[in-house]
Amino acid sequence: MAEKVDFSLVHFLIVDGNQLSADLARDLLLTMGATTVFVAHSYDEAIAALKSNVVDVLLTELHLPPRSGLDLIREVRSGKTGGSRQMPILVMSALSAKDHVFEARDAGVTEFIAKPYGVEGFYRRMVGIIAHPRAFVDSDKYYGPDRRRRQLPYDGPDRRQ
Amino acid sequence: MTAAKSKLLPPVEELRARAVNSRTGMDLRLSPAVLRRLEEVVNESRERFVIDLAARLRKLRTSVQTVLDGDMTQQDMLALVFDESLQIKGMGGTIGYNVLSLIATTLNDFVAGRTELGRIQFEILQLHIDAMYVVIADRITDNGGILEDQVLSGLRAAVRKFG
């Protein structure tokens with residue numbers, strides 16, 4: 001039997017200062033079958049939502065003035081928000097230059113989708129972060145999904161155990 | 001100096017175990033029927049997006065005029081243009097206004113990190129705003145046509161030369 005994702009069993013939090021963008025992401029999730037979608041429009045609202053609700057998947061914009069979505073990602077990965085440190089995090093942002101993508105990756109994001117995005121890319125990433133959880137790396141300088149996308153042979157010093 | 005030691009933690013399967021099954025929910029691969037429903041959601045939000053985009057463009061034009069009137073600093077205007085062009089970039093292509101997103105991207109790259117503009121740079125900024133106005137007023141969707149392509153190429157060339 002083919003596998004399915006039951007989005008009604010997943011609690012989402014969308015963080016986006018742009019009301020229409022947040023509404024659209026919420027409506028797409030509801031159409032995919034989600035029933036619990038929290039929405040926050042700022043860093044502070046997001047922290048409050050994370051602390052007072054069970055959230056399984058976080059979708060966040062990087063541009064959250066006066067704070068940054070990177071701060072939010074780091075807060076989740078540090079375990080200070082009360083939820084799972086290994087919560088899947090999808091960044092949805094128009095700040096999509098290479099530097100921003102690398103910064104998000106190094107803050108511990110699970111997936112990145114650049115705005116403007118298409119519904120196919122959105123669906124594929126939502127399915128992927130739930131159906132294909134990634135291994136995590138815990139080190140002094142980084143806590144987040146394993147950033148290696150390709151498995152290359154390495155037998156040098158400090159190889160991860 | 002030694003590299004930081006790190007541990008590789010296995011994937012947490014709890015969410016997958018809860019949400020993935022073989023009976024209820026959405027197929028892992030997007031089906032044509034679900035794709036149509038998702039596209040309908042986007043279509044339904046299109047008009048609200050267009051109204052919002054038009055309001056953002058008015059805000060940009062007003063800020064330019066306010067600077068010309070001497071009632072706003074260039075630095076404040078550039079911060080506003082950065083924010084608004086980023087939003088326009090993110091919103092335009094989502095509802096099919098790809099060329100709008102492309103112009104907004106050029107504008108956003110142009111103003112990023114700037115705190116002041118010379119006369120020519122100020123005109124380049126205004127040209128971007130005017131071009132986006134035309135896209136919205138004429139409802140130019142997708143990537144536009146030959147003319148839009150030429151306008152975009154011209155804006156990019158101006159940014160390269162005077163940016």
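Predicted model: local features only at pLDDT ≥ 70, side-chain atom pairs only at ≥ 80, totals over all residues.

**First stop: chain B**

Now switch to cartoon. Chain B has 6 helices and 3 strands, and along the sequence they run β-α-β-β-α-α-α-α-α. Its radius of gyration is 22 Å, well over the 15 Å that the globule rule gives for 163 residues, so chain B is more spread out than a compact globule. Along the principal axes, its C-alpha atoms fill a box of roughly 65 × 55 × 30 Å. Of its 163 residues, 42% count as buried.

**Next: across to chain A**

Select B:Asp27 and A:Lys4. They form a salt bridge, with the closest N and O atoms 2.8 Å apart. The pair crosses between chains, from strand E3 (residues 26-27) of chain B to strand E1 (residues 4-5) of chain A. B:Asp27 is partly exposed, at 32% relative accessible area.

**Then: A:Lys115**

Which side chain meets A:Lys115 in a salt bridge at 2.6 Å, N to O? Select A:Asp16 to see that partner. Both residues lie in loops, so their pairing ties together parts that are 99 residues apart in sequence. Buried or exposed? A:Lys115 counts as buried at 6% relative accessibility, A:Asp16 at 2% and A:Glu61 at 4%.

**Last stop: a network in chain B**

Finish by selecting B:Asp52, B:Arg56, B:Lys59 and B:Glu84, which are linked in a network of salt bridges. Over all chains, the structure holds 19 salt bridges.

Terms used
Residues numbered from 1 in each chain as written. Chains lettered and ligands numbered in written order. Heavy atoms only, no water. Helix = DSSP H or I, 4+ residues; strand = E, 2+ residues; numbered from the N terminus. Rg over C-alpha atoms; globule rule 2.2 N^0.38 Å. Buried < 20%, exposed > 50% of the residue type's maximum accessible area, 1.4 Å probe, protein only. Salt bridge = Lys/Arg side-chain N within 4 Å of Asp/Glu carboxyl O.
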